[in-house]
Amino acid sequence: MLKEKVEKILVEQIGKEAYSSNLYLAMASWAECNGYPGIAQWMYAQSDEERVHMLKFVGYLNERGGKAVIPAIDAPPVDFKNVSDLFQRTMEHEQYISDAINTIVAVCHEERDFATHQWVQWFVNEQIEEEASVSNILDRLNLIGDNGNLYLFDRDIMGMRNSGGAEA
């Protein structure tokens, strides 16, 4: 059975993962409406992945005798200045999620919940990959510059999901 403090922080993470899924869905829609089908595809895949993460938390909580509560979710932003802004916000959000996962690890350690501590390590590693993937994209966008042609970037972005050990 989960300790109350661990259960509470895992339930909070369900909301964060749900928001992540909605955020990337909103970003996908923006990209699609602005003529970036490759970026839209990348963001749709990210949205799906975040939903899977949410479901992992739901399943774990229920399996361990807790109760997964599905919270209301704030609406994500729907407008972005440009592609660089979109991915800068993506990086900021992934760093926020990394911090949230690290907080879960700290609570597990504090509460001596070594089973959950072990389980959440998958998310620690996932966040390392997420940040590396977005960092790679930001590096490429910096190479293109503000006035660069995004056609090839948009065409090739899905290939960046699994390149160089920086999977999304």
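The model is predicted, with local features requiring pLDDT of at least 70 and side-chain atom pairs counting only at pLDDT 80 or more, whereas totals for chains, interfaces and linings use all residues. Residues are numbered from 1 along each chain as its sequence is written, and side-chain values use heavy atoms, leaving out hydrogens and water.

**Glu-94**
- Glu-94 lies in helix α3, residues 83-110 (helices are DSSP runs of H or I with at least four residues, numbered from the N terminus).
- With 1% relative accessibility, Glu-94 counts as buried, where buried means under 20% relative accessible area, exposed over 50% and partly exposed in between, using a 1.4 Å probe and protein chains only.

**Nonpolar cores**
- The largest nonpolar core has 23 residues, and Ile-39, Met-43, Phe-87 and Phe-153 have the most contacts inside it (a core is a set of buried Ala, Val, Leu, Ile, Met, Phe, Trp, Tyr and Cys residues joined through side-chain atoms within 4.5 Å; contact means heavy atoms within 4.5 Å).
- Helices α1 (4-33), α2 (37-63), α3 and α4 (114-144) each supply at least two residues of this core, and α1 gives the most, with six residues.
- A second, separate core of 22 residues includes Val-11, Ile-14, Phe-57 and Val-107.

**Salt bridges**
- The structure holds four salt bridges, each a side-chain nitrogen of Lys or Arg within 4 Å of a carboxyl oxygen of Asp or Glu.
- One of them joins Lys-5 and Glu-110, whose closest N and O atoms are 2.2 Å apart; because Lys-5 lies in helix α1 and Glu-110 in helix α3, the pair ties together parts that are 105 residues apart in sequence.
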